[in-house]
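Take a look at the protein chain below. This report goes from strands to side chains.

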Amino acid sequence: MYKNQDRTMFGTKIFNQETKEYGLLIYTWINTFADGDIPFATCVDENGKKYNVKMDLITPIEE
């Protein structure tokens with residue numbers, strides 16, 4: 001279940017540590033599991049494909 005969608009960081013360049021690729025962050029949200037709330041982000045990769053990833057697996061890139 002999506003909870004607390006936040007678009008404050010919209011357009012932030014990120015590095016996905018899991019896939020070793022760059023992308024853009026669209027919004028962050030809380031994914032509610034039976035064992036707790038996990039912070040997630042919805043991002044777009046370099047090919048324009050949208051995906052969800054745990055926040056601890058991405059790093060914002062400063063320009």
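In what sense do β4 and β5 pair, and over how many bridges? β4 and β5 are antiparallel, and five bridges join them. Strands are DSSP runs of E of at least two residues, helices are runs of H or I of at least four, and both are numbered from the N terminus. Two strands pair if DSSP finds at least two bridges between them.

This is a predicted model, where local features need pLDDT of at least 70, side-chain atom pairs count only at pLDDT 80 or more, and totals for chains, interfaces and linings use all residues. Residues are numbered from 1 along each chain as its sequence is written, and side-chain values use heavy atoms, with hydrogens and water left out.

**The whole chain**

The protein chain has zero helices and six strands. Its pattern along the sequence is β-β-β-β-β-β. The radius of gyration is 11 Å, close to the 11 Å that the globule rule gives for 63 residues, so the protein chain is as compact as a globular protein of that length. That radius is taken over C-alpha atoms, and the globule rule is 2.2 Å times the number of residues to the power 0.38. The C-alpha trace spans about 35 × 25 × 20 Å along its principal axes.

Of the 63 residues, 27% count as buried. Buried means under 20% relative accessible area, exposed means over 50%, and partly exposed lies in between (1.4 Å probe, protein chains only).

**The β4–β5 hairpin**

Four residues lie between the strands of this hairpin, and Gly48 there has a positive phi near 85°. Phe40 stands opposite Lys54 in β5. Strand β5 covers residues 50–54, and its side chains alternate. Tyr51 and Val53 point to one face and are buried.

Thr42 sits in strand β4, residues 36–45. Thr42 counts as buried because its relative accessibility is 1%. Its side chain makes a polar contact of 2.7 Å with the side chain of Asn52. A polar contact is a pair of N or O atoms within 3.5 Å; within protein, one must be able to donate a hydrogen and the other to accept it, and residues adjacent in sequence count only if both atoms are side-chain atoms. Beyond its neighbours within four places in sequence, Thr42 is in contact (heavy atoms within 4.5 Å) with residues including Leu25, Trp29 and Tyr51.

**Two aromatic pairs**

The structure holds two aromatic pairs. A pair is described by the distance of the centres and the angle of the planes. Rings of Phe, Tyr and Trp (its six-membered ring) pair if their centres lie within 6.5 Å; planes under 30 degrees apart count as stacked, over 60 as edge-to-face and the rest as tilted.

| Pair | Centre to centre | Angle of planes | Type |
|---|---|---|---|
| Phe15 and Tyr22 | 5.1 Å | 55° | tilted |
| Trp29 and Phe40 | 5.1 Å | 25° | stacked |

Trp29 lies in strand β3 (residues 21–33) and Phe40 in strand β4; they are eleven residues apart, and the pair links distant parts of the chain. Both Trp29 and Phe40 are buried. Phe15 is partly exposed, at 23% relative accessibility. Tyr22 is partly exposed too, at 45%.

Is Asn16 buried or exposed? Asn16 is buried, because its relative accessibility is 1%. Asn16 belongs to strand β2. A polar atom of its side chain lies 2.8 Å from the backbone nitrogen of Glu18. The Asn16 side chain also reaches the backbone nitrogen of Thr19, at 3.2 Å.

Lys20 lies in the loop between β2 (13–16) and β3. Its phi is near 60°, a positive value in a residue other than glycine. Lys20 counts as exposed, with 58% relative accessibility.

Thr59 is in strand β6, residues 58–60. Thr59 is partly exposed, with a relative accessible area of 32%. The C-alpha atoms of Thr59 and Ile14 are 5.4 Å apart, yet 45 residues separate them along the chain. The side chains of Thr59 and Gln17 make a polar contact at 2.3 Å.
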